[in-house]
Amino acid sequence: VSRAHQKAALIAHGGAGAAGPAAERPERQRVMLAAVRAGAAILKNGGRALDAVIATVSVLENHPLFNAGYGSVLNSAGQVEMDASVMEVNPGAPPRAGGVAALSRIRNPIKLARAVMEHSPHLLLVGAGAERFARSAGISLCRPEMMISPRARERRWIGGAKAKRGYGTVGAVAVDAHGSMAAATSTGGMSGKLPGRVEDSAIIGAGTFAGPLGAASATGHGEAIILAGLCREAVDSLVKLSAPQAARNAIAGISQTAGAEAGIILVDRRGRIGYAHNAAMEVATFDPAHGLCHLRSPATGPARQP
Ligand code: ASP
């Protein structure tokens, strides 16, 4: 793609799973659009895909209706433990990435993931060590109770066979006018999970991936997504598939092999968007031709596409 023809685009998801209470949908839609608008404003001004996905995910992390940041579901001990990761590819440069897991004291885990990428020699930091690193990177810590929303407390479901999966996870992927691509994902994980569980959302290649062909962010059953290396598989398949096909193919694969609930969003280097899921999933998109769009599709068929 010649740089002159590079099209900027962004897509965000609000998590796959149960559709959530109908009464909350208008507000979720409003926030999804506000989040994508924040990212789109950066892209429209010639800004970086990395800044756009971090801005988008931060808006979603700050809202209690999304299972990430403030609003994260509780684990079996009644605590919030958050994970996030980010990856960026700039033309002609090696890809870079950062991830964080098991955080209880960070308001915006995605910003800490970015700091790990930019200011540490490492790729993945967890727990107390990650929180100590946050301080040195100028990111302040809060008391763990500050991250527990009243809604999360009300909706607490403890493990066991009948446990209802808390739904959420947020993510965004973008390509900018310079041909850089980025993916960012942030989550509170599954409600009732064991303390210390690491989500796919922290794992590069699983919940988040960006490569020379595109960028992807996933949501759904974390263990299955890690086993499948879902986002890396989907991005690599862009060598022969369009973005919508790559998304559909990835979800068809994980449905078949693991019977797992999952969703994925993708962007390729020409700014074409794809998404698919086998559970309810909400997405919002921006591209220059269509502006901002919000789409919600229910858990009907196996995998869906735009
Ligand atoms: N992927 C997240 C997890 O496994 C949850 C989700 O996406 O809804 O914890």
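Leu124 counts as partly exposed because its relative accessibility is 36%, and buried would require under 20%. The structure is a predicted model.

**Leu124 and the nonpolar patch**

- Leu124 belongs to strand β4, which spans residues 124-126.
- Together with Leu123 and Val126, Leu124 makes a nonpolar surface patch of about 230 Å².

**Helix α4**

- Helix α4 comprises residues 127-136, and its buried residues include Gly127, Ala130, Glu131, Phe133 and Ala134.
- These residues lie on the same side of α4, because they cover an arc of only 155 degrees around the axis.
- The other side of α4 carries the exposed residues Ala128, Arg132, Arg135 and Ser136.
- The packing partners of the buried residues of α4 are β3 (96-103), α3 (109-119) and β4.
- After α4 comes Gly138, which has a positive phi near 80 degrees.

**Strand β11 and its burial**

- Strand β11 covers residues 280-287, and eight of its eight residues are buried, so the strand is largely enclosed by the rest of the structure.
- In a regular strand, side chains alternate between the two faces of the sheet.
- In β11, Ala280, Glu282, Ala284 and Phe286 point one way, whereas Met281, Val283, Thr285 and Asp287 point the other way.

**Pairing of β11**

- β11 pairs with strand β1 (residues 9-17) in the antiparallel sense, over six bridges.
- Within this part of the structure, Ala12 stands opposite Ala284 of β11.
- β11 also pairs with strand β12 (residues 291-297), again in the antiparallel sense, over seven bridges.
- Val283 has Leu295 in β12 as its bridge partner.
- Three residues lie between β11 and β12, and the two strands form a hairpin.

**Backbone at Ala102**

- Ala102 is not a glycine, yet its phi is positive, at about 55 degrees.
- The residue Ala102 is located in strand β3, one of the elements against which the buried residues of α4 pack.
- Ala102 counts as buried because its relative accessible area is 18%, and the cut-off for buried is under 20%.

Notes: Residues are numbered from 1 along each chain as its sequence is written. This is a predicted model: local features need pLDDT of at least 70, side-chain atom pairs count only at pLDDT 80 or more; totals for chains, interfaces and linings use all residues. Side-chain values use heavy atoms; hydrogens and water are left out. Patches are made of residues with over 30% relative accessible area and no salt bridge: like charges are joined within 9 Å, nonpolar side chains (Val, Leu, Ile, Met, Phe, Trp, Tyr) within 5 Å. Accessible areas come from the Shrake-Rupley method with a 1.4 Å probe; for residues, only the protein chains shown count as cover. A salt bridge is a side-chain nitrogen of Lys or Arg within 4 Å of a carboxyl oxygen of Asp or Glu. Helices (H or I, at least four residues) and strands (E, at least two) are DSSP runs, numbered from the N terminus. Buried means under 20% relative accessible area, exposed over 50%, partly exposed in between (1.4 Å probe, protein chains only). Two strands pair if DSSP finds at least two bridges between them. The arc is that of the directions from the helix axis to the C-beta atoms. Contact means heavy atoms within 4.5 Å.
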